[in-house]
Amino acid sequence: MAVNMEISICGVRLKNPVIAASGTFAFGQQHGWFFDVSKLGGVALKSLTPEKRIGNPPPRIAETASGIINSVGLQNPGVDAFIEEALDITLKLGTVIIANIAGKTIDDYVIVAEKLEGTKISFFELNISCPNVRLGGASLGTDPALAAQCVKAVKAVSKKPMIVKLTPSADVVGVAKAVADSGADSISLINTLPAMAVDAYAKRPVLGNVTGGLSGPCIKPVALKMVYDVARAVKIPVIGMGGIMTGGDAAEFMLCGASCVMVGTAGLCDPEAPLRILNELKQYAQHMNLKDITALTGALEV
């Protein structure tokens, strides 16, 4: 039986509910070497800041049990260089494009949004949840008042649908309600969990930045709980992420209330993982005799 995989988020049509997560897919061009990116529901771009960022010192990646710890530190060329060098190519990927915006201050978020407002990018995703930077990032996302202020400031200069990406290191329900009340159109969660790896023989941290963000299958139970809680607390669409490695994982997030999902760490293990997960999700929907994938959202029987 054919399943309708199409969804609509904030008035934007997506071919399906599988999106490549920010920070794991760069600006999308390289993945075209491995599969047809246009088959995905969307691509969330690497975080963009007003100025070029070189990121954190290496090592930046540490493997751990059932996951990885990363400390990239929002390395990116800056929004102006992105517009000049990568925007046109990115817009030719043939899928919905989500610009992930980051910064040290609320003004930084406004600057990036203003510069991208006139482009054909479909969504902004405010990254107020990165644990790998000392200013901005999660320091905004843990304070409901600051998070709300950031949303209002960007909303004042942009008419694009806004996704707000939440940190698990906060009262996610409280922050979710605050940003929803301030005009956010959607919420994505969770970002990585603050973490650390130690080399016992060297008696030193493994990462150059000492700490980083934990992702991968090990965080999925935490992510599911937070998606479930937030989806019941707000009336705007929720985008789930955190340890999705299979189509079954994606289905679990949708059952907990997510309208769609983002795939991150799985794509670092296997560049074709987002497409595989999409195909597995479709097979799951067929097995469950679903006519429309949207029927899965919030269908958990409690």
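In the predicted model, Asp229 and Lys225 both belong to helix H7, where four residues, or about one turn of the helix, separate them. Their side chains meet in a salt bridge with an N to O distance of 2.5 Å.

Lys220 counts as buried at 15% relative accessibility, while Glu252, with a relative accessible area of 30%, is partly exposed.

In helix H10 (residues 273-287), Glu280 and Arg276 are four residues apart and are therefore separated by about one helical turn. The side chains of Glu280 and Arg276 form a salt bridge of 3.2 Å, taken from N to O. Both residues fall into the partly exposed class, Glu280 at 26% relative accessibility and Arg276 at 29%. Elsewhere, salt bridges that share partners join Lys220, Asp249 and Glu252 into one network.

Turning to the strands, Ser186 is placed in strand E10, which covers residues 186-189. Ser186 is buried because its relative accessible area is 0%, under the 20% cut-off. When residues up to four places away in sequence are left aside, Ser186 touches Ile9, Cys10, Met162, Ile163, Val164, Ile236, Pro237, Val238 and Ile239. With one of these neighbours, Pro237, there is also a polar approach, in that a polar atom of the Ser186 side chain lies 2.9 Å from the backbone oxygen of Pro237.

Val198, by contrast, is found in strand E12 (residues 198-199) and counts as exposed, because its relative accessibility of 55% is over the 50% cut-off. Together with Met196 and Val210, Val198 forms a nonpolar patch on the surface, and the accessible area of the three residues together is about 260 Å².

Key. Residues are numbered from 1 along each chain as its sequence is written. This is a predicted model: local features need pLDDT of at least 70, side-chain atom pairs count only at pLDDT 80 or more; totals for chains, interfaces and linings use all residues. Side-chain values use heavy atoms; hydrogens and water are left out. Patches are made of residues with over 30% relative accessible area and no salt bridge: like charges are joined within 9 Å, nonpolar side chains (Val, Leu, Ile, Met, Phe, Trp, Tyr) within 5 Å. Accessible areas come from the Shrake-Rupley method with a 1.4 Å probe; for residues, only the protein chains shown count as cover. A salt bridge is a side-chain nitrogen of Lys or Arg within 4 Å of a carboxyl oxygen of Asp or Glu. Helices (H or I, at least four residues) and strands (E, at least two) are DSSP runs, numbered from the N terminus. Buried means under 20% relative accessible area, exposed over 50%, partly exposed in between (1.4 Å probe, protein chains only). A polar contact is a pair of N or O atoms within 3.5 Å; within protein, one must be able to donate a hydrogen and the other to accept it, and residues adjacent in sequence count only if both atoms are side-chain atoms. Contact means heavy atoms within 4.5 Å.
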